[in-house]
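Keep the model open while you read.

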Amino acid sequence: MNYSKKGTSRKKKSLKSKSTMMGKKIGVVFLKTLLVLVIALGVAGLCGAIGIIKGVIENAPSITSASVLPRGYKSTVYDVEGNKTAELVAEGTNRTYVKIENIPKHVQHAFIAIEDERFYEHNGIDVRGIIRAGVKGIASGFKKTEGASTITQQLLKNNVFDFMSESTMKDRVERKLQEQYLAVKLEEVMSKDQILESYLNTINLGQNCLGVQAAANRYFGKTVSELTISEAAVLAAITKSPSANNPISHPKDNAERRSLVLQYMLEQEYISQREYESALADDVYSRIEEHNEENESTSTIYSYFVDEVTDQVKNDLVQKAGYSETQAHNALYSGGLKIYTTQNPKIQRILDEEFANPDNFPAESRVGLEWALTVVDKDGTQTNYSQEMMTAYFKQTDESFELLFDDEASAQAAIDEYVSTLGITDDDTVYESSQMTIQPQASMVIMDQSTGEVAAMIGGRGEKNASRTLNRASGTFRQPGSTFKILAAYAPAFEELGYGPGTVQYDGPFAYTENGRIGRLVNNWDKNTRYRGWTTLREGITRSMNIMAVKTITDVTPAVAVDYLLRFGFTSLVLDGANNDYVQSIALGGLTTGVSNLELTAAYAAVANGGTYIKPRMYTKVVDNDGNVILNNWPDETDVISEQNAWLLIDCMKDVVNGAGGTGGPARISGMTTAGKTGTTSANKDVWFEGMTPYYTAGIWVGYDNNHKLNSSETNFHKKLWSTVMTRVHEGLENKDFTKPSSGIVQCVICTKSGKLGVGGLCDSDGRSGIVRNEYFVEGKQPKEVCDKHVAVSICVDTGLLATTMCPNRVPQAKVLLPDMQSGVAEAVTLDTAYGLSSNLASGTCTLHTGGVYVPSEYEMSGSMPSVPPAPDPGADPNAGADPNAGADPNAGVDPNAGADPNAGIDPNAGVPQAGAE
């Protein structure tokens with residue numbers, strides 16, 4: 001440094017120079033400008049930050065107390081007595097809401113102690129907690145972090161911000177700012193108890209449990225109100241990590257945090273030292289393990305009834321409440337609905353027990369196989385193998401092969417043999433689906449006909465191993481066989497044509513009309529009995545005579561029949577196309593698609609209900625999570641036939657079960673009036689019994705899932721099973737008859753060969769008993785004309801043929817006029833032939849005393865009926881004298897079910913229904 005005089009002088013001059021002064025001024029200006037810029041930038045940054053924060057806050061969702069109510073509730077199904085029968089639980093919906101007053105204080109305090117110790121002090125944000133968490137984070141170099149969210153913030157995060165993505169830091173900051181802002185706002189509109197209530201019903205507590213009530217039930221099998229301090233601490237310990245702290249899968253981790261919960265409860269003076277020590281010593285995890293084993297062994301598999309009711313509710317939410325398909329599904333499985341069903345627990349239990357009893361089924365049951373296999377090789381190439389391919393493999397050596405086996409071991413052996421031919425290596429990945437089902441299968445539906453309510457349903461025999469499996473009661477369509485005679489032929493004819501039990505059809509050779517031409521013959525089911533000749537519809541129903549039903553539907557027309565079937569509730573009829581159901585064969589159940597047991601039973605319930613069809617109801621109402629009724633399932637009624645005609649049909653069907661020749665004898669219920677109709681398809685693939693009492697209507701079906709033919713031991717047991725179930729169902733119920741209409745039913749004595757008024761001394765004199773009987777009619781439809789089928793003729797004693805003037809010995813005799821045959825169809829012998837008179841008189845005239853002419857009878861000459869002695873049995877048929885109408889007068893007042901032998905008095909010609917019977 002130069003401190004000389006000269007140096008100092010130069011320094012002074014330089015300081016006072018113009019250039020120096022200018023530099024100083026520039027520096028000062030620069031500094032001032034820089035300062036202004038810094039201040040401006042700071043203000044701008046602050047304003048920008050405030051603007052950003054303001055924008056974030058303005059973009060925050062609006063908040064009310066309703067905004068934080070938890071979503072995703074399981075729906076609950078109840079039976080008719082109010083018992084819970086099922087919970088419809090989808091992932092993230094297992095929640096049962098419980099009010100704060102029903103949550104014990106120690107449960108509330110357990111969560112507060114571990115999650116938000118200053119919950120009752122802060123305004124939604126815990127500043128002290130934030131500072132504490134920040135200090136710990138800095139001290140650890142941000143290697144350890146500690147949450148500072150309050151219960152209020154957690155509630156917002158779970159119920160308001162659950163939709164928000166937090167994939168970036170910006171997202172996380174934005175959500176956190178909004179969360180803190182809304183937490184303060186929420187505390188202004190909700191009390192602490194309201195916030196805590198919503199929180200405790202929201203939190204995820206593992207095992208698909210949302211809220212403390214669901215968790216209490218899952219882990220301890222009790223309600224939240226029953227939880228101990230120890231158990232409350234277990235639940236509170238889960239919240240930090242529902243997976244890692246799960247008390248079932250990670251009991252040690254849960255126990256460690258549970259100890260911390262109890263410690264905090266003690267420190268925050270929520271529990272005493274004694275309560276702390278007692279809870280800490282509690283062996284709570286052994287109870288959890290024990291309950292979990294019980295819970296897993298009885299894992300929820302929805303019953304056939306629940307499967308069907310959920311389908312009905314979902315459909316009605318769309319059809320009646322205006323939901324979309326997606327909305328209906330979400331409401332059903334996460335809307336917290338309460339579904340009040342029509343299921344009667346007593347009846348359902350009986351049905352389940354009897355279907356589980358192997359003694360009710362054939363001893364030689366078989367196993368049906370459903371199978372598929374997918375093989376993925378190491379290159380990712382996928383190859384699929386089906387059960388059809390397996391069948392084709394075995395058919396190469398056994399043309400009759402089916403996927404039916406004597407037992408499961410045989411089925412597995414067949415799988416193993418086929419798989420061994422596929423060339424699968426150790427490098428391949430194999431996916432196999434295999435299901436073995438006992439065969440033949442069965443289903444049953446029981447309804448209260450007066451309400452349309454389905455009391456019980458079972459869709460198959462054998463263990464139900466999954467929800468929403470094949471429901472054979474409602475989800476399959478099978479051919480109904482002769483059960484359709486009542487619905488497709490007789491009900492329409494009674495209603496439209498005035499037919500009744502006494503109406504007569506001729507049971508003789510008859511052919512279908514196909515494309516305007518005579519087609520194939522209609523065959524009666526009983527191949528051991530000849531045609532019966534003139535027969536009443538009552539006997540046709542009793543004996544399930546095919547020709548009678550086809551002639552009747554021909555009279556009423558298939559078009560009218562289909563109209564009635566639609567009104568009876570059938571939805572599976574084919575109304576268009578070449579294979580439509582407008583054909584005569586629908587009288588015998590010959591349908592394109594078939595029917596479900598549920599719809600068939602509902603149709604029979606309509607007859608039992610006085611002719612009024614009620615759409616089968618599985619539930620009565622559905623209530624949402626807020627208690628609002630969103631579906632009221634009122635009865636949907638359609639008048640199909642009159643109560644008089646319904647009663648007449650039931651009276652005929654009582655003879656099916658109780659009368660001579662009836663096909664449903666084994667279904668009789670001892671001590672209870674029973675009516676019904678059997679059905680067997682011609683190929684013996686389906687057998688049915690649709691029966692009714694004054695209390696219930698029930699339908700049972702039996703068949704193979706793959707349409708395999710039933711053998712002789714498999715075609716009749718269903719009637720006995722029906723009786724076994726319904727006998728138990730009616731225990732303790734008073735025996736009564738079906739209610740007869742107060743008016744509109746009359747009686748008169750008819751000839752069963754004409755359906756008209758019987759003529760004394762004529763109709764009862766053709767050599768057979770029981771030809772004249774008392775019959776019911778709808779008033780106004782009873783016959784007013786006398787029999788025109790019986791005539792008195794002169795018979796040659798020597799030949800038994802119509803006498804001529806040359807016959808020396810002639811006697812008057814009663815004969816039955818036989819009808820002309822359908823064009824193109826040959827005449828055949830019937831039970832009337834030996835007692836009848838052919839329309840071709842020349843062929844029946846005496847051939848011994850020739851040369852004369854036919855001698856008219858006294859009746860033909862005078863117009864009045866002489867006394868005709870009973871004709872002797874001509875010996876043509878040793879069984880012809882059997883009384884086709886044997887049995888008590890329907891008005892005799894005798895209980896038709898009173899301990900009678902189901903086979904008593906059966907016509908020896910009727911036979912027992914065999915495989916493929918009717």
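Among the residues of H7, Lys 192, Ile 195, Leu 196, Glu 197, Ser 198, Tyr 199 and Leu 200 are the buried ones, where buried means under 20% relative accessible area with a 1.4 Å probe and protein chains only. That is seven of nine residues, so to speak a mostly covered helix, spanning 192–200.

A quick word on the source: this is a predicted model, where local features need pLDDT of at least 70, side-chain atom pairs count only at pLDDT 80 or more, and totals for chains, interfaces and linings use all residues. Numbering starts from 1 along each chain as its sequence is written, and side-chain values use heavy atoms, with hydrogens and water left out.

Now the sheet. Five strands make an open, mixed sheet in the order S2-S1-S3-S15-S16; strands are DSSP runs of E with at least two residues, helices runs of H or I with at least four, numbered from the N terminus, and two strands pair if DSSP finds at least two bridges between them. S2 and S16 are the edge strands, each pairing on one side only.

| Strand | Residues |
|---|---|
| S2 | 84–88 |
| S3 | 338–341 |
| S15 | 619–623 |
| S16 | 629–632 |

S3 and S15 pair in the antiparallel sense over four bridges, and Lys 338 has Val 623 of S15 as its bridge partner.

Last, the lining of the largest cavity: 12 residues, with Trp 525, Asp 526, Thr 529, Arg 532 and Met 545 nearest its centre. On a 1 Å grid over the protein atoms alone, a cavity is a set of points where a 1.4 Å probe fits but cannot get out, and lining residues have an atom within 4 Å of a point.

Key. 1 Å grid on protein atoms, 1.4 Å probe; cavity = no way out; pocket = protein on both sides within 12 Å on 5 of 7 lines; lining within 4 Å. Buried < 20%, exposed > 50% of the residue type's maximum accessible area, 1.4 Å probe, protein only.
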